[in-house]
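Biologist: I would like to go through this structure and ask what each label rests on. Please set the values against the cut-offs as we go.

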Amino acid sequence: MVEGRPLGVEPICSLLQVAPSTYYAAKDRAPSARALRDAILIPQLVRLWDDNYRVYGVRKLWKAGRLAGIDIGRDQTGRLMRAAGIEGATRSRRVTTTKADPAAPRHTEKATACPPPRVSTPPRLRERQPLTAPSVMPAMNCLAPSAKMSSSGMTAMSDDDINMP
């Protein structure tokens, strides 16, 4: 008993809303064909990886396995390498910036509710205001001095217009 609650299969299954017979059926079930094949292939891949100086990654180990007569797929090779805990050599070093102190106290996760979703309010409906020259003029600073805005569009300016205050 932990904190006054009984431990065992039945309380856990009732909490997970799974029938206890499902647990026992899975526990007593024979290993699958994939699990049996993985148990055979993993030692072969590890031996092949060791023979090649532990530098082969997924692609090269897959090709080396095919040459050695192992009928295996590339993605299966990657999955089995992860399961065996082996990986290929990398050209760059892995950077470790922090080494955790195992004796240090750990931050406890607080169960917090998710923040409410952000709902944007629609903008107020307003009439479209036509663009006027003063609102456009600040953006016209990038124009050449010989151009100006008029009601009909841009027109060329004369030297007299440039010297106007």
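Predicted model: local features only at pLDDT ≥ 70, side-chain atom pairs only at ≥ 80, totals over all residues.

Biologist: What makes α3 roughly perpendicular to α5?

Modeller: Angles of 65 to 115 degrees count as roughly perpendicular. The axes cross at roughly 80°, therefore α3 is called roughly perpendicular to α5.

Biologist: Which residues of α3 and α5 meet?

Modeller: From α3 they are R34, R37, D38, L41, I42, L45 and V46, and from α5 they are Q76, T77, R79, L80, A83 and A84. By class, this contact of α3 with α5 has seven nonpolar, two polar and four charged residues.

Biologist: How do you know how α3 and α4 are oriented to each other?

Modeller: Helix α3 covers residues 33-51 and helix α4 covers residues 58-67; their axes come within 10 Å and cross at roughly 105°. The range for roughly perpendicular is 65 to 115 degrees, therefore α3 and α4 are roughly perpendicular to each other.

Biologist: Which residues make the contact of α3 with α4, and how do they divide by class?

Modeller: L45, L48 and W49 in α3 meet L61, A64 and G65 in α4. Five of these residues are nonpolar, one is polar and none is charged. Gly counts as polar.

Biologist: Is T77 buried or exposed, and how do you know?

Modeller: T77 has a relative accessible area of 0%. Buried means under 20%, so T77 is buried. T77 is found in helix α5, residues 74-84.

Biologist: What does T77 touch?

Modeller: Not counting residues up to four places away in sequence, T77 touches L45, V58, L61, W62 and I72.

Biologist: Which residues of α5 are buried, and what covers them?

Modeller: The buried residues of α5 are T77, G78, L80 and M81. Their cover includes α3 and α4. Just after α5, G85 has a positive phi of about 75°.

Biologist: Why is Y24 called partly exposed?

Modeller: Partly exposed lies between the buried limit of 20% and the exposed limit of 50%. Y24 has a relative accessible area of 34%, so Y24 is partly exposed. Its place is in helix α2, residues 20-28.

Biologist: Which residues is Y24 in contact with, beyond its neighbours within four places in sequence?

Modeller: Those are V9 and E10. Y24 and V9 are 15 residues apart in sequence, and their C-alpha atoms are 9.0 Å apart in space.

Biologist: What lines the largest pocket, and what is its volume?

Modeller: The lining consists of V2, R5, P6, L7, P11, I12 and L15. The volume of the largest pocket is about 160 Å³.

Biologist: How does the lining of the largest pocket divide by class?

Modeller: The lining has six nonpolar residues, no polar ones and one charged. Arg counts as charged.

Biologist: Now the whole chain. How many helices and strands does the chain have, and in what order do the elements run?

Modeller: The chain has seven helices and two strands. From the N terminus, the order is α-α-α-α-α-α-β-β-α.

Biologist: What share of the residues in the chain is buried?

Modeller: Of the 165 residues in the chain, 13% are buried. As for contacts between residues at least 6 apart in sequence, 39% join residues at least 24 apart.

Key. Residues numbered from 1 in each chain as written. Heavy atoms only, no water. Axes fitted to C-alpha atoms, helices over the stretch in contact; angles between N-to-C directions. Helix = DSSP H or I, 4+ residues; strand = E, 2+ residues; numbered from the N terminus. Parallel < 35°, antiparallel > 145°, perpendicular 65-115°, else oblique. Contact = heavy atoms within 4.5 Å. 1 Å grid on protein atoms, 1.4 Å probe; cavity = no way out; pocket = protein on both sides within 12 Å on 5 of 7 lines; lining within 4 Å. Points joined across faces, edges and corners; volume = space filled by probe spheres on them. Buried < 20%, exposed > 50% of the residue type's maximum accessible area, 1.4 Å probe, protein only.
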